[in-house]
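Please consult the sequence and structure shown here while reading.

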Amino acid sequence: KQNMPTIDFNSNNASSFKKSASYTYSTSQFNALFGSNSNVTKTGIVYVTGNALIPRGYTLTINGALVAEGNINIGTEWWPDSKAKPSLVINDPGTGPAGLISKRKIIFASQTNQINVSGLIYALDEFKMKWDSPKLTLTGGIISRKISVSNNQITINYSANTIARALAGG
């Protein structure tokens, strides 16, 4: 048994994700980002003190890292079905952390259009790709206590440098 590398989410250390975040949101503040703009783009570390849900009808692009103290969910909502399935793009800016980082779970479900991640997918509890979620293209790596993949295609282009930058924090 090997221990998972630890991540400093919210200590008083200057390099913790919360202290070095470009944006810090509660769950309701994060949800408000998706008001009338169907394409939301943020650069740097986006830190959510609760759960982060990317709803139907929206594309979220992060040039850096989306970090949540709660779960990160995409494609878990079936309603309203008149809206397009959500998309998620995480770009690696080349310096600092990049990826999806959760203190709990990261769930990609069937009601998702597209997922492209250049960075680390880190879920302290579980990383789950439910049946019929879209193909995941990942440049970086996955670290999680539990990984569940059901009938999905994942392409991983391993990048030790990208993983190391994400583990180092902000």
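With a relative accessibility of 28%, threonine 137 counts as partly exposed; buried means under 20% relative accessible area, exposed over 50%, and partly exposed in between, with a 1.4 Å probe and protein chains only. This is a predicted model, in which local features need pLDDT of at least 70 and side-chain atom pairs count only at pLDDT 80 or more, whereas totals for chains, interfaces and linings use all residues. Residues are numbered from 1 along each chain as its sequence is written, and side-chain values use heavy atoms, with hydrogens and water left out.

Threonine 137 belongs to strand β10; strands (E, at least two residues) and helices (H or I, at least four) are DSSP runs numbered from the N terminus. Not counting residues up to four places away in sequence, threonine 137 touches Ile115, Asn116, Val117 and Thr155, where contact means heavy atoms within 4.5 Å. Its C-alpha atom is separated by 22 Å from that of glutamate 77, 60 residues apart along the chain.

Threonine 61 lies in strand β4 and is buried, at a relative accessible area of 16%. Leaving aside residues up to four places away in sequence, threonine 61 touches Val40, Thr41, Lys42, Val89 and Asn91.

**Nonpolar cores**

In soluble globular proteins, nonpolar side chains tend to be buried together. A nonpolar core is a set of buried Ala, Val, Leu, Ile, Met, Phe, Trp, Tyr and Cys residues joined through side-chain atoms within 4.5 Å. The largest such core here has 29 residues, and those with the most contacts inside it are Phe30, Leu60, Leu66, Leu100, Phe108 and Leu136. Elements giving two or more residues to this core include β2 (39-48), β4 (59-68), β8 (105-108), β9 (114-129) and β10 (136-149). Strand β9 gives the most, with six residues. A second, separate core of 13 residues includes Ile7, Phe17, Tyr47 and Val67.

Phenylalanine 108 is buried, at 0% relative accessibility. Among the residues it touches, beyond four places away in sequence, are Ile74, Leu88, Leu100, Ile115, Phe127 and Leu136.

**Aromatic pairs**

Rings of Phe, Tyr and Trp (its six-membered ring) pair if their centres lie within 6.5 Å; planes under 30 degrees apart count as stacked, over 60 as edge-to-face and the rest as tilted.

| Pair | Centre to centre | Angle between planes | Class |
|---|---|---|---|
| Phe30 and Phe34 | 5.4 Å | 80° | edge-to-face |
| Phe108 and Phe127 | 5.3 Å | 85° | edge-to-face |

Phenylalanine 108 is in strand β8 and phenylalanine 127 in strand β9, so their pair ties together parts that are 19 residues apart in sequence. Phenylalanine 127 is buried, with a relative accessible area of 0%. Phenylalanine 30 is likewise buried, at 0%, and phenylalanine 34 is buried at 3%. Ring pairs also link Phe30, Phe34 and Tyr58 into a cluster.

**An exposed residue**

Tryptophan 131 is found in the loop between β9 and β10. With a relative accessible area of 51%, tryptophan 131 is exposed.
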